[in-house]
Amino acid sequence: MFSAETYSQRRQTLRRRLAGQSGLLVFPGNELCPMNYADNPFPFRQDSTFLYYFGLDVPSLAAVMDLDAGTETVYGDDPTVEQVVWTGPRPALAERAARCGLTQTARREAFGQTVRNACRQGRPVHLLPPYQAQHLLALSELLEVPCAQVRRYVSEPFARAVIAMRSIKSEEEIEQIRQAIETTRQMHLAAMKTTAIGRTENEVVAAMEQVVIAHHGRMAFPVIYTIHGQFLHNHYGTNSLADGDLVINDSGAENAMHYAADITRTLPVSGRFTPRQREIYELVLSALNQSLEAVAPGVLFRDIHLAACRILAEGLKSLGLMKGNVEDAVACGAHALFFPCGLGHMLGLDVHDMEGLNEEWVGYTDTIQRSEQFGLRSLRLAKTLEPGFVLTVEPGVYFIPALIEHWEKTRQLTDYINYNKVREYLDFGGIRIEDNVLVTSNGANVLSDTIPKTVQEVEALTG
Ligand SMILES: [Mn+2]
């Protein structure tokens, strides 16, 4: 945990940002979720916003900030002797609360009463968007509305205030993200070392798991380590790695404080890219490096995304895969045949930071609206960058047979796509390279620049 002072200050700031609002801010901490029966749950993961304001990393807590009375209460139950038999001694709730600067605690059952009373008195109850089914059920009961109506209580001012605060990473948060990236560097080095002809995908993932567990962390999201990198979120399996294969390794550690890293490297299984693979790799790498150089405060991330699309389209044109005017091709979305996703997203306590709070509120504004065009509509972050943002930059080139066949059959954008040439790449797979970057007051700091990515480095370390 950070110091109690950090959490107290964050709550004070939140209150200041919500001056003019009244009622209760409700923070349900996460519950354990049964995997196959209640006593055998999935690994516990605390809600990120609860961690941000209270830091308490145990299940079955809740907190309420009363905007009118100025009080802050954490709700939970002290361990019973019977529980201690199974778990060993655990700190009392008051002791936990003191660690985040809180003095007021109450039994868990009082949480429900507090929310229900406020509701019955007609006081505003501010919720963040619930994403755990257990919360939805519990809130439906407390608020005395059907589950489908719980969302009526989602408070845009509350969510926007949280997003504004969590978007700007403090020095101590950046230090945590650096830690996660350092573990991720070691994970990726282990993957490069283990990737070889005859190995299987899960053997390599096991080598990465070993690193992350030894560093008191876990994976921030399910590992994507696949010879089918053309599918953006394909995970991993028992495929054997063969000579000539490319693998995408998109994986990141979450450190002990739950800050995430999110790094992608693409590796040639044999330790040598083929000339055709190398051409595309150099193109993606150049799009990545130029995008990282463009990251600075005051710049629209959508502009960096579109510039990356033009770099990719220009390169694909020089390889004969695209044709025509590059500017026009990108304007009408032709590049999205090869790059159907966005260039990056925020990173922090969540790997897609704050996505659960509403992607539109995180990545867009009243004036910067989401496009409906295929490709561009998948851009998660479009708005102006500010000092303190941490984000990913992850260009790629993918040859997705089903998409290529569909576009060709429906004769889409034939002025810009050379389908005869593209057909030669149906067995290519995909290449993605991803770094994590901090926006500073006058530019950017690539936090993951210690993770090898040039052709020479990757070839030397793989196979
Ligand atoms: Mn990512």
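Reader: With which residue does Glu-156 form a salt bridge?
Author: This is a predicted model, in which local features need pLDDT of at least 70, side-chain atom pairs count only at pLDDT 80 or more, and totals for chains, interfaces and linings use all residues. Residues are numbered from 1 along each chain as its sequence is written, and side-chain values use heavy atoms, with hydrogens and water left out. A salt bridge is a side-chain nitrogen of Lys or Arg within 4 Å of a carboxyl oxygen of Asp or Glu. The closest N and O atoms are 2.7 Å apart, and the partner of Glu-156 is Arg-160.

Reader: How many residues apart in helix 7 are Glu-156 and Arg-160?
Author: Helices (H or I, at least four residues) and strands (E, at least two) are DSSP runs, numbered from the N terminus. Both residues lie in helix 7, about one turn of the helix from each other, and their spacing is four residues.

Reader: Which residue forms a salt bridge with Glu-144?
Author: Glu-144 lies in the loop between helix 6 and helix 7 (156-167) and its partner in helix 5, so the pair ties together parts that are 28 residues apart in sequence. The closest N and O atoms are 4.0 Å apart, and the partner is Arg-116.

Reader: At what angle do the axes of helix 5 and helix 6 cross?
Author: Axes are lines fitted to C-alpha atoms, for helices over the stretch in contact (heavy atoms within 4.5 Å), and angles run from 0 to 180 degrees between N-to-C directions. Arg-116 is one of the contact residues of helix 5. The axes of helix 5 (residues 108-120) and helix 6 (residues 133-143) come within 8 Å, and the crossing angle is roughly 50°.

Reader: Is Glu-434, a donor to the manganese ion, buried or exposed?
Author: Donors are N, O and S atoms within 2.8 Å of the metal (3.2 Å for Na, K and Ca); water is not among the atoms, so sites may look incomplete. Asp-262 (OD), His-345 (NE2), Glu-394 (OE) and Glu-434 (OE) coordinate the manganese ion at 2.1 to 2.4 Å. Buried means under 20% relative accessible area, exposed over 50%, partly exposed in between (1.4 Å probe, protein chains only). At 0% relative accessibility, Glu-434 counts as buried.

Reader: With which residue does Arg-11 meet in a salt bridge?
Author: Arg-11 lies in helix 1 (residues 4-17) and its partner in strand 5 (residues 72-75), so the pair ties together parts that are 61 residues apart in sequence. Both residues are buried. The N to O distance is 3.0 Å, and the partner is Glu-72.
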